[in-house]
Amino acid sequence: MLFRRYLVFLFLSSVACFSTTTDYDDYDGYSTTESVTSSDGFSTTVFPIADGPSCENIPKKSWLDLAVVVECSHVTLTQWTAIYTNILSYLSRLTIADTGDHTTRVSIITYNHENATVVYSFTDPQNLNRIHIALKNAISTTKLGESAKIFKGFRLAKDEIDRLKGFRIPGVVLYAATYDDSGDGNPLLASQELKMDMVKIVTISFEASNGVATPQISALASPGLALTSRDPVKNFGWAVGQLNCICPAGWTQLVIGSQADAKTYSDCFFTYTAQVLPAFTNCPQDNNLATVYTPNRLDFLRRNMSYSIEGGAFSVGLVRTDGDSPWYWQTYIENITYTNYPEFVAPPAATDAYGYLQLVNGDWKLFSDDGMTNSRPYICQTRSCDTNYVCDMQGNKHY
Ligand SMILES: *[C@@H]1O[C@H](CO)[C@@H](O)[C@H](O)[C@H]1NC(C)=O
Ligand SMILES: *[C@@H]1O[C@H](CO)[C@@H](O)[C@H](O)[C@H]1NC(C)=O
Ligand SMILES: *[C@@H]1O[C@H](CO)[C@@H](O)[C@H](O)[C@H]1NC(C)=O
């Protein structure tokens, strides 16, 4: 009920238009259709099985430490009401509170042509009304230039996140209209520092008058998380939910597609380089050997996980109980039917019960053996944390 009252308060006290209260919680940002339209306008069929499980994306169940980094310049001054009410529109979708499992803390960081400033900290009382006031006043309390130093904003966001780390997943939202990489501070490097610390970045670029800045600002985003000020709030909510979908430290998240249209899944992979007989492979609790049931998954593993594998072969989670039983992908949750992809290079012998992939002329091909003869490295798979699944960076489930 308290939450509702905040919405009403904002509606009355703000010049902004909170014109809709539609629930976008189920929006996943992607259509469920299984075909894509190619450039010639015809539909081409894609592989009929999803490439992996989607990240659960329920904004009000997010548990983020969300640093919102906002440009303060002459350019954003002219759009300030739209900017801060846009931010509030989104923040109203979250459960903002100091304590509680599925709650989010917000920090507001502004930056100008020289400095960045924390105008609202993770340790300030977490409620939307106070954040509203802080945002509204932020631009009038700082000096303004024609552009602003994004890297200063990122650096301060990183400090704030590192300094006040709790159990929540850190995430950064950048609102920028201009892009300035002059001098000694490089925004791209600052964004890479955050990403190497497992912090994902959503960018919102404002259409600058010359339209030049947008691609440069978008390039700072994590895959698939570059938005513009013209995108509807539901896209923004979806993107910020993706911030909450993150793999345990050291694990690689399944991302399919290129930067702009990349889709992130809730599968995470880890390569174990020790030589182990397939019959003895053992992934940590609640994990299993990698399942490789679509071409995109195979391609991802080949490009992103195989670099550390000696000898060009690794065990995967394709098994059968005996020579008369069907093959299946074994996970700790369910058995996934083997649908003949990838195809075995040669028909498995009656004693074969374990699948493995081996590099043949630059491609990964499927072979099988009895699991007791040849050792090889293996790739384990686990699920990511997400809005519905609170876990720690060691991958332990909490709730
Ligand atoms: C930047 O910070 C310094 C030190 O606090 C201050 O003296 C200076 O006025 C600030 N510059 C701007 C443009 O805000
Ligand atoms: C996977 O590999 C591709 C190509 O090398 C690279 O662009 C991409 O960033 C990698 N993705 C991850 C999640 O490591
Ligand atoms: C998977 O299949 C095997 C063999 O039929 C069976 O023993 C096992 O219980 C199944 N696991 C699950 C999670 O259904």
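Me: What do S9 and S10 form, and which residue in the turn has a positive phi?

Reply: S9 and S10 form a hairpin with 6 residues between them, and Gly257 in its turn has a positive phi of about 105°. This is a predicted model, in which local features need pLDDT of at least 70, side-chain atom pairs count only at pLDDT 80 or more, and totals for chains, interfaces and linings use all residues. Residues are numbered from 1 along each chain as its sequence is written, while chains are lettered from A and ligands numbered from 1 in the order in which they are written.

Me: Why are S9 and strand S10 said to pair?

Reply: Two strands pair if DSSP finds at least two bridges between them. S9 and S10 (residues 263-276) have 4 bridges, in the antiparallel sense, so they pass that test. You can look for Val255 opposite Thr264, and for Gln253 with its bridge partner Cys268. Strands here are DSSP runs of E with at least two residues, helices are runs of H or I with at least four, and both are numbered from the N terminus.

Me: Which residues are around ligand 2?

Reply: They are Thr252, Gln253, Val255, Arg303 and Asn304. Each counts because its C-beta atom, placed from the backbone, lies within 6 Å of the ligand. Strand S9 (252-256) and helix H9 (295-304) each give two or more residues to this shell, and S9 gives the largest share, 3 residues.

Me: Is Tyr90 buried or exposed, and why?

Reply: A residue is buried if 20 or more other C-beta atoms, placed from the backbone, lie within 10 Å of its own, exposed if 12 or fewer, and partly exposed in between. Tyr90 has 22 such neighbours, so it counts as buried. Tyr90 sits in helix H3 (residues 80-91). Leaving aside neighbours within four places in sequence, Tyr90 is in contact with Val233, Phe236, Gly237 and Val240; contact needs C-beta atoms, placed from the backbone, within 7 Å.

Me: Why is His74 called partly exposed?

Reply: His74 has 15 other C-beta atoms within 10 Å, which falls between 12 and 20, so the label is partly exposed. His74 lies in helix H2 (residues 74-77), and beyond four places in sequence it touches Leu144, Gly145 and Glu146.

Me: Which members of the largest nonpolar core touch the most other members?

Reply: They are Val68, Val69, Ile108, Val173, Leu174, Val202 and Ile379, out of 95 residues. Such a core is a set of buried Ala, Val, Leu, Ile, Met, Phe, Trp, Tyr and Cys residues joined through C-beta atoms within 7 Å.

Conventions
Two residues are in contact if their C-beta atoms, placed from the backbone, lie within 7 Å.
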